[in-house]
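Keep the structure in view as you read.

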Amino acid sequence: MRDIRPIQKEDLPALKTVLDSSELFPSELLEDMIAEYLQDPTSGAIWFTATRDEIPISIGYCAPERFTEGTYNLYAIGVHKTHQGQGVGQEMMQYIERVLQQKKARILLVETSGTVAFKRTRAFYHICQYTQEAVIRDFYEAGDDKVIFWKKL
C-alpha cells in the first residue's frame with residue numbers, strides 16, 4: 001500500500017537510494033538541498049515522498065517562485081526504478097497539486113530537457129494534463145533545450 005507524505009529526516013538514506021536508482025540528481029547533494037526544509041518546515045519548500053510499506057520509493061521537491069503570487073515550481077520528481085511505470089509519478093503529481101490548491105496556489109510550472117532521452121518525461125507531463133508553455137533553445141548546453149510545462153491549479 002502506498003502513502004504520500006512530507007519527507008522526514010529519517011527518510012534520507014532510503015531517498016538517496018531512490019536518487020541513485022532514478023538518476024534524478026546525485027544523491028550526495030540531497031542533504032544540503034533539504035537542510036533548510038528539515039530545520040524549518042515552514043520555509044515554503046515542499047519535499048514529499050510516496051512510500052510502500054513505510055519505505056520511501058519516490059522523491060518530490062516543489063517551492064514557490066519568488067516575486068510571484070501563487071506560482072510554484074516543481075524542481076524534482078523521481079521514482080525508484082523498481083517502482084516506475086506503476087502510477088507512482090502520477091499519484092505524486094496529484095498529491096502536490098492538492099497540497100498547492102490547499103495553499104491557494106494558482107500555477108505549477110515544471111521544466112525538463114528537450115533531448116530524446118527525456119521524451120518519456122515530456123510525455124508524462126502531457127499525460128498529467130500539463131501544457132507545454134515554452135522552449136528555451138540550447139539552455140542546458142548546445143542542443144539541449146529547456147522545455148517548460150504549465151498547469152493552472
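On the surface, Ile136, Phe139 and Tyr140 form a nonpolar patch with about 270 Å² of accessible area together. Patches are made of residues with over 30% relative accessible area and no salt bridge, with nonpolar side chains (Val, Leu, Ile, Met, Phe, Trp, Tyr) joined within 5 Å and like charges within 9 Å. A salt bridge is a side-chain nitrogen of Lys or Arg within 4 Å of a carboxyl oxygen of Asp or Glu, and areas come from the Shrake-Rupley method with a 1.4 Å probe.

This is a predicted model, in which local features need pLDDT of at least 70, side-chain atom pairs count only at pLDDT 80 or more, and totals for chains, interfaces and linings use all residues. Residues are numbered from 1 along each chain, and side-chain values use heavy atoms, without hydrogens and water.

Phenylalanine 139 lies in strand E7 (residues 131-141); strands are DSSP runs of at least two residues (E), helices of at least four (H or I).

The largest pocket holds about 1100 Å³ of space. Closest to its centre, among 36 lining residues, are Leu24, Ile77, Gly78, Phe118 and Thr121. A pocket is an open set of points on a 1 Å grid where a 1.4 Å probe fits, with protein on both sides within 12 Å along at least five of seven lines; lining residues have an atom within 4 Å of a point.

The second largest pocket holds about 250 Å³. Its lining includes Met33, Trp47 and Tyr75, and helix H2 (30-39) and strand E4 (58-64) each give two or more residues to this lining.

Notes. Grid points are joined across faces, edges and corners, and a volume is the space filled by probe spheres set on the points.
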